[in-house]
Amino acid sequence: MSIKAIWHRYRQFRQAIKSRLTPSDIEFVRLYLPQIEQVLFYRMALQDQRHSLLLAHTFLSRQHTHDYTWVDTKVFIRSALLHDVGKSFLPISVWMRSMYVVLQNWKEGALLDKHATAQSTHPFWQKMTVLANHGELGAQMLQSIGTLSDIVDVARYHHSKPQARESKLLPIIREIDGKI
Ligand SMILES: [Fe+2]
Ligand SMILES: [Fe+2]
């Protein structure tokens, strides 16, 4: 890829993460999420809101090609919209998120294991800790407002290895989340 092409992609990316939700996105969120869950949704960074909407829409568009008749669509959409809500625990810039990906891949995340802990006092490591534990943080936020246990489980375990007894929504969430 040429420098010009990389620059173009970078500008596209910047534009994408800065662009506001459309009126139809806002209507979609209003249709599926109860008021109290909307508050949590809009607490997320715009890029996480857009990512969560994409997950929900990808699921809906797959209904033509996949047998999802056994899935409760409303619960799935709510789970998709809220699965990353734990990332809103602290404001985290795009740069910090990039650093997190680098650290995850450096020596199998050795530095994250060492410094990204609940005892971290440095703001940088506190943000890394939020990213590392956003599943559990999100689950606790959702539990505190009394959300359905399936939705709480999706938040808590969407980055965990599959378990024998888990929400049936999790494999679909994990699969789409890993591709978008
Ligand atoms: Fe996540
Ligand atoms: Fe995600």
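Modeller: Start in a loop. This is a predicted model. Lys 107 sits in the loop between α6 and α7.

Colleague: What is the phi of Lys 107?

Modeller: The general idea comes before the case. Most residues other than glycine have a negative phi. Lys 107 is not a glycine, yet its phi is positive, about 45°. Glu 108 also lies in the loop between α6 and α7. Its phi is positive too, near 50°, and Glu 108 is a residue other than glycine.

Colleague: Is Lys 107 buried or exposed?

Modeller: Count C-beta neighbours inside 10 Å. The cut-off for exposed is 12 or fewer. Lys 107 has 9 such neighbours, so it counts as exposed. Glu 108 is exposed as well, with 9 other C-beta atoms within 10 Å.

Colleague: Now the whole chain. How many helices and strands are there?

Modeller: The protein chain has eleven helices and zero strands. Read along the sequence, the pattern is α-α-α-α-α-α-α-α-α-α-α. The radius of gyration is 17 Å, close to the 16 Å that the globule rule gives for 180 residues, so the chain is as compact as a globular protein of that length. The C-alpha trace spans about 40 × 40 × 30 Å along its principal axes.

Colleague: What share of contacts joins residues at least 24 apart?

Modeller: Take the contacts between residues at least 6 apart in sequence. Of these, 64% join residues at least 24 apart.

Colleague: How do I read a pair of packed helices?

Modeller: Two packed helices are described by the angle between their axes and the distance between the axes. Take α6 and α8. Their axes come within 10 Å and cross at roughly 70°. The two helices are therefore roughly perpendicular to each other.

Colleague: Which residues of α6 and α8 meet?

Modeller: From α6 come Met 96, Arg 97, Tyr 100 and Leu 103; from α8 come Lys 127, Met 128 and Leu 131. The residues of this contact divide into five nonpolar, no polar and two charged. On spacing, there is a general rule. An α-helix has 3.6 residues a turn, so residues three or four places apart point the same way.

Colleague: Which residues of α8 are buried?

Modeller: Lys 127, Met 128, Thr 129, Val 130, Leu 131 and Ala 132. Their cover includes α6, α7 and α9.

Colleague: And the core? Which residues have the most contacts inside the largest one?

Modeller: Ala 56, Ala 80, Leu 81, Leu 82, Val 85, Leu 142 and Ala 155. This largest nonpolar core has 34 residues. The helices α2, α4, α5, α8, α9, α10 and α11 each supply at least two of its residues. In the chain as a whole, buried residues make up 31% of the 180 residues.

Colleague: What does Leu 82 touch?

Modeller: Set aside residues up to four places away in sequence. Leu 82 then touches Glu 37, Leu 40, Phe 41, Leu 142, Ile 151 and Ala 155.

Technical notes: Residues are numbered from 1 along each chain as its sequence is written. Chains are lettered from A and ligands numbered from 1 in the order in which they are written. This is a predicted model: local features need pLDDT of at least 70, side-chain atom pairs count only at pLDDT 80 or more; totals for chains, interfaces and linings use all residues. A nonpolar core is a set of buried Ala, Val, Leu, Ile, Met, Phe, Trp, Tyr and Cys residues joined through C-beta atoms within 7 Å. A residue is buried if 20 or more other C-beta atoms lie within 10 Å of its own, exposed if 12 or fewer, and partly exposed in between; C-beta atoms are placed from the backbone. Helices (H or I, at least four residues) and strands (E, at least two) are DSSP runs, numbered from the N terminus. Two residues are in contact if their C-beta atoms, placed from the backbone, lie within 7 Å. The radius of gyration is taken over C-alpha atoms; the globule rule is 2.2 Å times the number of residues to the power 0.38. Axes are lines fitted to C-alpha atoms, for helices over the stretch in contact, and angles run from 0 to 180 degrees between N-to-C directions. Angles under 35 degrees count as roughly parallel, over 145 as roughly antiparallel, 65 to 115 as roughly perpendicular and the rest as oblique. Ala, Val, Leu, Ile, Met, Phe, Trp, Tyr, Cys and Pro count as nonpolar, Asp, Glu, Lys and Arg as charged, and the others, Gly among them, as polar.
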